[in-house]
Amino acid sequence: MIIAQIPRAQASLDRINEILDIDEEKTVGGDLILDEIEKLEFKDVSFKYPNSQSYSLKNVSFVLNKGEKLGIIGSTGSGKTTLASLLVRFYDVDKGQILINGRDIKDYSLKSLRDSISYIEQKPRLIEGTVKSNVIMSSDTSFSDNALIDALNISQADFVFEKELGIGSEVVQRGRNFSGGQKQRISIARAVYKDASLFLIDDSFSALDFKTERKLREELLNKAADKLMILISQRARAIFEFDKILLLKNGELLGIGSHEYLKENEEEYREILESQDFSGGDIYGAQ
Ligand SMILES: Nc1ncnc2c1ncn2[C@@H]1O[C@H](COP(=O)(O)OP(=O)(O)O)[C@@H](O)[C@H]1O
Ligand SMILES: [Mg+2]
């Protein structure tokens, strides 16, 4: 039994050491305050994890302006999550630059940078407390119940209201008393409640059924109409209507453009469409 636990303990230890090894200076920001994001630019960005031999992102460039929606598609391991974590500065780029409103993101205070991004991680993280404390995530007492209820509705997390204690329902450690899809929706509500100027959503719909996903996507697009949005997904149907789609493979940007453009020009994109039996319309129809 003990032998079986050794590899797990080793993996945990590696991760702990990795965190302890992070050069603190690297993750400190400048003192510029970021107010609203008008323009985001990746300029020739390359990145290699500290413990890795090869680059997880190679020379990635794109521009996104206020109001624009960017979809990112690519198979597992293509660098989608890496791109998101560079943007919120969990790591810093090795080459190139990420610019917001024309300034390097390192020039902004880390707090104001992260305050400007509603980031929904691939793996939802709920913490012990209540649904409410998980969504508002702040000791701030000036919260609004209406905004909270709105956020839960937009996120298709209205199942919460049917519970006896409603928004006061208990969340146990890691949210184990909720299903995968419920956890995803509560963590999406957290980002919606935060209502930052950039929505960064990493493959967060995987546990949802088609209909719920579609409704949620529509509500999110509506909510973020005048903001920037980056939606990462392995499914073409989630992003085919976006202004721009960025196609990644093994850390390389194969192409960027509309669905029609990529369909026309990128073999890899056509293969994704074929493998998903998706031709471009909403095959699930209007409800
Ligand atoms: N913490 C990490 N340390 C080392 N390599 C990593 C780490 N996270 C991801 N990678 C590697 O970086 C590449 C891109 O991973 P990721 O960005 O998670 O891809 P995706 O989100 O598209 O599935 C993969 O080869 C993956 O193995
Ligand atoms: Mg990922």
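Where is F240 found? F240 sits in the loop between α8 (236-239) and β11 (244-249), with helices (H or I, at least four residues) and strands (E, at least two) taken as DSSP runs numbered from the N terminus. At 12% relative accessibility, F240 counts as buried; here buried means under 20% relative accessible area, exposed over 50%, and partly exposed in between (1.4 Å probe, protein chains only). F240 and Q10 are 230 residues apart in sequence, and their C-alpha atoms are 42 Å apart in space.

A word on the model comes next. This is a predicted model, in which local features need pLDDT of at least 70 and side-chain atom pairs count only at pLDDT 80 or more, while totals for chains, interfaces and linings use all residues. Residues are numbered from 1 along each chain as its sequence is written, chains are lettered from A and ligands numbered from 1 in the order in which they are written, and side-chain values use heavy atoms, with hydrogens and water left out.

On to the metal. The magnesium ion (ligand 2) has T81 (OG1) and Q122 (OE1) as its protein donors, at 2.0 to 2.4 Å. Donors are N, O and S atoms within 2.8 Å of the metal (3.2 Å for Na, K and Ca), and since water is not among the atoms, sites may look incomplete.

Around ligand 1 are Y49, N51, S56, S75, T76, G77, S78, G79, K80, T81, T82 and Y91, each with a heavy atom within 4 Å of it. This shell divides into 2 nonpolar, 9 polar and 1 charged residues. For that count, Ala, Val, Leu, Ile, Met, Phe, Trp, Tyr, Cys and Pro are nonpolar, Asp, Glu, Lys and Arg charged, and the others, Gly among them, polar. A polar side-chain atom of T81 lies 2.8 Å from an oxygen atom of ligand 1. Taken alone, ligand 1 exposes 560 Å², and the protein buries 65% of that (Shrake-Rupley method, 1.4 Å probe).

T82, in helix α2, is buried, with a relative accessible area of 7%. Setting aside neighbours within four places in sequence, T82 is in contact (heavy atoms within 4.5 Å) with F47, Y49, S56 and L57. The C-alpha atoms of T82 and G251 are 9.0 Å apart, although 169 residues separate the two along the chain.

V171, in strand β8, is buried at 1% relative accessible area. Beyond its neighbours within four places in sequence, V171 contacts L126, I127, E128, G129, T130, V131, N134, N177 and F178. V171 and R15 are 156 residues apart in sequence and 26 Å apart, C-alpha to C-alpha.

Q156, in the loop between α5 (145-154) and β8 (170-171), has a positive phi of about 60 degrees although it is not a glycine, and is buried at 11%. D277, in the segment after α10 (267-275), is another non-glycine with a positive phi, about 55 degrees, but is exposed at 65%.

Conventions. Polar contact = N/O pair within 3.5 Å; in protein donor to acceptor, adjacent residues only side chain to side chain.
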